[in-house]
Amino acid sequence: MVRRGWDVTAIDFSSRAVALCRQAFPDPLQGTAMVADARWSPFGNAAFDAVFASHVIGHLSAHDRTRVAHEVIRLLRTGGRLFFCEFSTGDFRFGKGLETEEATFRRGTGILTHYFTEREVADLFSGLTLVSVTLRQWPMRVRGCTLVRSEVQGVFTR
């Protein structure tokens, strides 16, 4: 995105992740990375032309996923786009770990992961106009076995 001349702002609640991201911006004019919570971002209304939410929202509880969806809608300018990507219920890890909510599991690492359906993604961002919701699947070799990775990808506009 930076190489294409975009003004990029990246957030993460992890200061370690933000430090890694800042390494991608050798020139501070190329982009900004900051520690922030996607549920309550420090930006004003209609601050962005696009929001990319990739493997972030799926690590939150149902209440917090809804909160982030409202925040994304608030942050997008009219005509702005949301690009969404999370694991789907077709993923090989679905159902593994302790189920804390429907389709949400806490694995041994302590990380919470929610697995989405296409309908659920459309409903979560019903305050936006749906452009597309698709399922992307590909094989992955793990310990000699071929397993299926599966993501739901969505594009929405405001």
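Visitor: Is Glu 101 buried, partly exposed or exposed, and what is its relative accessibility?

Guide: This model is predicted. Glu 101 has 27% relative accessibility, so it counts as partly exposed.

Visitor: With which residue does Glu 101 form a salt bridge?

Guide: The partner of Glu 101 is Arg 65, and their closest N and O atoms are 3.8 Å apart. Arg 65 lies in helix 2 and Glu 101 in strand 5, so the pair ties together parts that are 36 residues apart in sequence. Arg 65 itself counts as buried, at 6% relative accessibility.

Visitor: How many salt bridges does the structure hold?

Guide: The structure holds 9 salt bridges. One of them joins the side chains of Arg 77 and Asp 49, at 3.0 Å from N to O. Because Arg 77 belongs to strand 4 and Asp 49 to strand 3, this pair ties together parts that are 28 residues apart in sequence. Arg 77 is partly exposed at 33% relative accessibility, whereas Asp 49 is exposed, with a relative accessible area of 52%.

Visitor: What separates Glu 71 and Arg 67 in helix 2?

Guide: Glu 71 and Arg 67 are 4 residues apart in helix 2, which means that about one helical turn separates them. Their side chains meet in a salt bridge of 3.5 Å, N to O. Glu 71 is buried, with a relative accessible area of 3%, while Arg 67 is partly exposed at 24%.

Visitor: Which residues are linked with Arg 39 in a network of salt bridges?

Guide: Asp 37 and Asp 64 are linked with Arg 39 in such a network.

Visitor: Where do nonpolar side chains tend to be in soluble globular proteins?

Guide: They tend to be buried together. In this structure, the largest nonpolar core has 22 residues, and Ile 57, Leu 82, Val 121 and Phe 125 are those with the most contacts inside it. Among the elements that give two or more residues to this core are strand 3, strand 4 and helix 3. Helix 2 provides the largest share, 5 residues.

Visitor: Which residues is Ile 57 in contact with, leaving aside its neighbours within four places in sequence?

Guide: Ile 57 is in contact with Arg 65, Val 68, Phe 84, Glu 86, Phe 116, Leu 124 and Phe 125.

Visitor: Which residues form a nonpolar patch on the surface?

Guide: Met 1, Trp 6 and Phe 52 form this patch, with about 320 Å² of accessible area together. Phe 52 is placed in strand 3 and is partly exposed, with a relative accessible area of 43%.

How values were computed: Residues are numbered from 1 along each chain as its sequence is written. This is a predicted model: local features need pLDDT of at least 70, side-chain atom pairs count only at pLDDT 80 or more; totals for chains, interfaces and linings use all residues. Side-chain values use heavy atoms; hydrogens and water are left out. A nonpolar core is a set of buried Ala, Val, Leu, Ile, Met, Phe, Trp, Tyr and Cys residues joined through side-chain atoms within 4.5 Å. Buried means under 20% relative accessible area, exposed over 50%, partly exposed in between (1.4 Å probe, protein chains only). Contact means heavy atoms within 4.5 Å. Patches are made of residues with over 30% relative accessible area and no salt bridge: like charges are joined within 9 Å, nonpolar side chains (Val, Leu, Ile, Met, Phe, Trp, Tyr) within 5 Å. Accessible areas come from the Shrake-Rupley method with a 1.4 Å probe; for residues, only the protein chains shown count as cover. A salt bridge is a side-chain nitrogen of Lys or Arg within 4 Å of a carboxyl oxygen of Asp or Glu.
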